[in-house]
Amino acid sequence: MTMITRRNRYSPSGYSVPHKFKMAAPSQSFVALCLFLNICCSIVIVLINKWIYTHYGFPNVTLTCIHFIVTTIGLLICHQFNVFQHKRLPVVGMLPLACTFCGFVVFTNLSLETNTVGTYQLIKSLTTPCIMLIQTQFYQKKFSLPVQLTVVPIALGVFLNSYYDVKFNVIGIVFAGIGVLVTSLYQVWVGEKQHEFQVNSMQLLFYQAPLSALLLMLLIPFIEPIENLPSLWKTWPLEASVMILLSGVVAFLVNLSIYWIIGNTSPVTYNMVGHLKFCLTLMGGYVLFHDSLNVRQVLGIITTISGVMAYTHLKMAENKKAELPIISSESDTKS
């Protein structure tokens, strides 16, 4: 028996979604709405979280836990409306993914809390070369020399911006570095788990979110002063509570819109939306929080964006050439 399969090299995980999980072709207005929603929510979640940390000092891990709880509730509602189909997965097998999910959200939020929005956003771009390193060392994946060279402008740009940031702080850079490492590991594992279990991102998230919330609930009493939270809720102005709950809703909408975009648009659209969000988030940080910006930082930002865009262009060009049917033979079986 002969089977033709095609690996989707454009998707973030590298694996195509099984046919029975794919959604019907949507209208152009629906796709446009998803793109607009994703751009807005991705920028707003960063700015809201930074606002919460700057003005209210809300505990980081507790805020992350709230995000996971709201995401779980949102996914339960989506499941009731048949947005995705539930598939049973082994809880033990999902624990490592849930742990890295906790780690990447907590440490990227700590990076946002302790760094300027610009430094936070640029250091996140190091996730791409970090993923390349992990896949090369542990998954025997090869990258062409031109793709490898895009790491140079990305790293150089991040260094220039961070070093010449007047609000530079070592702890923030450490948090950001750990966040990049854990995020990279998480993204690699998401691809592996999607392939292993033959599921899409929302079916994975349906297990990740509640498991991650539970893990953080067990951890919070040891690292954050939760005994003060009840008094905080009573003494804070109403807008503070609204902002915290809103950040959880926006975090869920980011995940939901990403799922729709990946399923319903082209790789070019997905990557261009990412570049647009990158630039708009930087602008929002400088406007809302009055972060300093000197010539060297501008040069660093331009260098990093150039490296990221070069990586995207080269990878998509290579993937387009490589997207050919792979013929695999299976032994015939009798029914």
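Reader: How do you know on which hand helix 3 passes helix 9?

Author: In this predicted model, helix 3 makes a right-handed crossing with helix 9. That label is given when the near helix is turned clockwise from the far one by less than a right angle.

Reader: Which residues of helix 3 and helix 9 meet?

Author: On helix 3 they include Val-91, Leu-95, Phe-101 and Val-106, and on helix 9 Leu-204, Tyr-207, Gln-208 and Leu-216 are among them. The contact has 16 nonpolar residues, two polar and no charged.

Reader: What makes helix 2 roughly antiparallel to helix 9?

Author: Helix 2 (residues 60–80) packs against helix 9 at about 150°, with the axes 8 Å apart. Angles over 145 degrees count as roughly antiparallel, so helix 2 gets that name relative to helix 9. Their crossing is left-handed. Phe-68 and His-79 of helix 2 take part, as do Pro-210 and Ile-223 of helix 9, among others. This contact divides into 17 nonpolar residues, six polar and no charged.

Reader: How do you know that the span of helix 7 agrees with 1.5 Å a residue?

Author: Helix 7 (residues 151–163) has 13 residues and should span 18 Å; its end C-alpha atoms are 18 Å apart, so the two agree.

How values were computed. Residues are numbered from 1 along each chain as its sequence is written. This is a predicted model: local features need pLDDT of at least 70, side-chain atom pairs count only at pLDDT 80 or more; totals for chains, interfaces and linings use all residues. Side-chain values use heavy atoms; hydrogens and water are left out. Helices (H or I, at least four residues) and strands (E, at least two) are DSSP runs, numbered from the N terminus. Contact means heavy atoms within 4.5 Å. Ala, Val, Leu, Ile, Met, Phe, Trp, Tyr, Cys and Pro count as nonpolar, Asp, Glu, Lys and Arg as charged, and the others, Gly among them, as polar. The expected span of a helix is 1.5 Å times one less than its number of residues. Axes are lines fitted to C-alpha atoms, for helices over the stretch in contact, and angles run from 0 to 180 degrees between N-to-C directions. Angles under 35 degrees count as roughly parallel, over 145 as roughly antiparallel, 65 to 115 as roughly perpendicular and the rest as oblique.
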